[in-house]
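Dear colleague,

I am writing to hand over the structure shown below.

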Amino acid sequence: MNDILNIASYRFIAIVDVDAVAVRVKALCEQHELKGTVLVSSEGINIFLAGTDPGIHGFLAELQSDPRFGGIAVKFSRSGFVPFKRLRVKRKREIITYRDGRLHPENGRAPSVTPETLAQWLDRGCDDAGREVVLLDTRNAEEVVYGTFEGALTFPITKFTELPEAVESRKEALAGKTVVSFCTGGIRCEKSVLRMQSEGYSDCYQLEGGILGYFEKMGGKHYQGRCFVFDDRIALDPMLDPLIETPGF
């Protein structure tokens, strides 16, 4: 039975009291007997947690009582076991390491496209203005092996900080086209679009909710394979079912 509820969520938001937020979040996780990883920084929060339905929903209700996290977008999936071995709540310089001090995602979101709109564009072969659409995978090569969007531009990178140089190497292929950047849950594609905007790309978007958000709304349409996740489930298919069904195998 898939009686474990898993969540993935993030929000770029200015946090001055980082240590206090981390302490409170850890206490909430322990109170609701959750395992997983939560990263807190001055630019926001990044959450991967698993537990019972009452535990997860209790945690989210209390987290969102803080106005900074009210209405935070959450992606849900189920599994037959808790795919995390322990709880880690950590203070970090960035909730996703990119090392570009020019970017301040907590000050404003990158433009986005919904899963429904992206599917329409891919069905049609162009965006609403008739421009060619290029899907840009911001994940590393190990993740891409498990699956990606049909025809997506992928890179042989090992970490997110290598992405800007990789994108620059394909600048001519992206010129004059509408670029939709995507990742697992949205956090990397959001930062990558902010970077691309700063470098003069005028028609670039993040996929709202990333691949997992797309799976929730559109299933596997225009997608090949699974989506790698950073826990013991290894990867999820478009129905959000895990590759690993039993812990230890």
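Does Gly-101 count as buried or exposed? Gly-101 counts as exposed, because its relative accessibility is 65%. This glycine lies in the loop between β5 and β6. Please note that the model is a predicted one.

**The five-stranded sheet**

Five strands make up an open sheet in the order β4-β1-β3-β2-β5, and their pairing is mixed. The edge positions are taken by β4 (74-79) and β5 (87-91); each has a single partner strand, so one side of each is left without a neighbour in the sheet. From one strand to the next, the twist averages 10 degrees.

At the β5 end, strand β2 (residues 35-41) pairs with β5 in the parallel sense, over five bridges. Within this pairing, Thr-37 has Arg-88 of β5 as its bridge partner. Helix α1 (residues 18-31) lies across β2, β3 (44-51) and β5, and runs at about 170 degrees to β5.

**The four-stranded sheet**

Another open sheet consists of four strands in the order β6-β10-β9-β7, with parallel pairing. Here β6 (112-113) and β7 (133-137) stand at the edges, and each has a single partner strand, so one side of each is left without a neighbour in the sheet. Strand β7 is joined to β9 (residues 178-182) by five bridges, and the two strands run parallel. Leu-135 has Val-180 in β9 as its bridge partner. Helix α7 (residues 187-198) packs on this sheet and touches β7, β9 and β10 (204-207). The direction of α7 makes about 175 degrees with that of β10.

**Tyr-205 and the aromatic pairs**

Tyr-205 lies in strand β10. Leaving aside neighbours within four places in sequence, Tyr-205 is in contact with several residues, including Pro-111, Ser-112, Val-113, Trp-121, Val-180 and Val-193. Its C-alpha atom is separated by 9.3 Å from that of Ser-192, which is 13 residues away along the chain.

The structure contains nine aromatic pairs. In one of them, the ring centres of Trp-121 and Tyr-205 are 6.0 Å apart and the planes stand at 70 degrees, so the pair is edge-to-face. Trp-121 belongs to helix α3 (residues 115-124) and Tyr-205 to strand β10, so this pair ties together parts that are 84 residues apart in sequence. Trp-121 counts as buried because its relative accessibility is 6%, whereas Tyr-205, at 24%, counts as partly exposed.

The rings of Phe-228 and Phe-230 are also paired: their centres lie 5.1 Å apart and their planes are at 85 degrees, so this pair is edge-to-face. Phe-228 is buried, with a relative accessible area of 11%, while Phe-230 is partly exposed, with 47%.

**The nonpolar cores**

Which residues have the most contacts inside the largest nonpolar core? They are Leu-136, Phe-155, Leu-163, Val-167, Leu-174 and Met-196, in a core of 25 residues. At least two residues of this core are supplied by each of β1 (4-12), β7, α5 (163-169) and α7. Helix α7 provides the largest share, which is four residues.

Not counting residues up to four places away in sequence, Val-167 touches Leu-136, Phe-155, Leu-174, Met-196 and Tyr-201. Apart from this core lies another, of 22 residues, among them Leu-34, Val-38, Leu-60 and Ile-72.

**Points to locate when viewing the model**

- Helix α7, which packs on the four-stranded sheet and gives the largest share of the 25-residue core.
- The ring pair of Trp-121 and Tyr-205, which is edge-to-face.
- Gly-101, in the loop between β5 and β6.

With kind regards

Methods. Residues are numbered from 1 along each chain as its sequence is written. This is a predicted model: local features need pLDDT of at least 70, side-chain atom pairs count only at pLDDT 80 or more; totals for chains, interfaces and linings use all residues. Side-chain values use heavy atoms; hydrogens and water are left out. Two strands pair if DSSP finds at least two bridges between them. Contact means heavy atoms within 4.5 Å. Axes are lines fitted to C-alpha atoms, for helices over the stretch in contact, and angles run from 0 to 180 degrees between N-to-C directions. Rings of Phe, Tyr and Trp (its six-membered ring) pair if their centres lie within 6.5 Å; planes under 30 degrees apart count as stacked, over 60 as edge-to-face and the rest as tilted. Buried means under 20% relative accessible area, exposed over 50%, partly exposed in between (1.4 Å probe, protein chains only). A nonpolar core is a set of buried Ala, Val, Leu, Ile, Met, Phe, Trp, Tyr and Cys residues joined through side-chain atoms within 4.5 Å.
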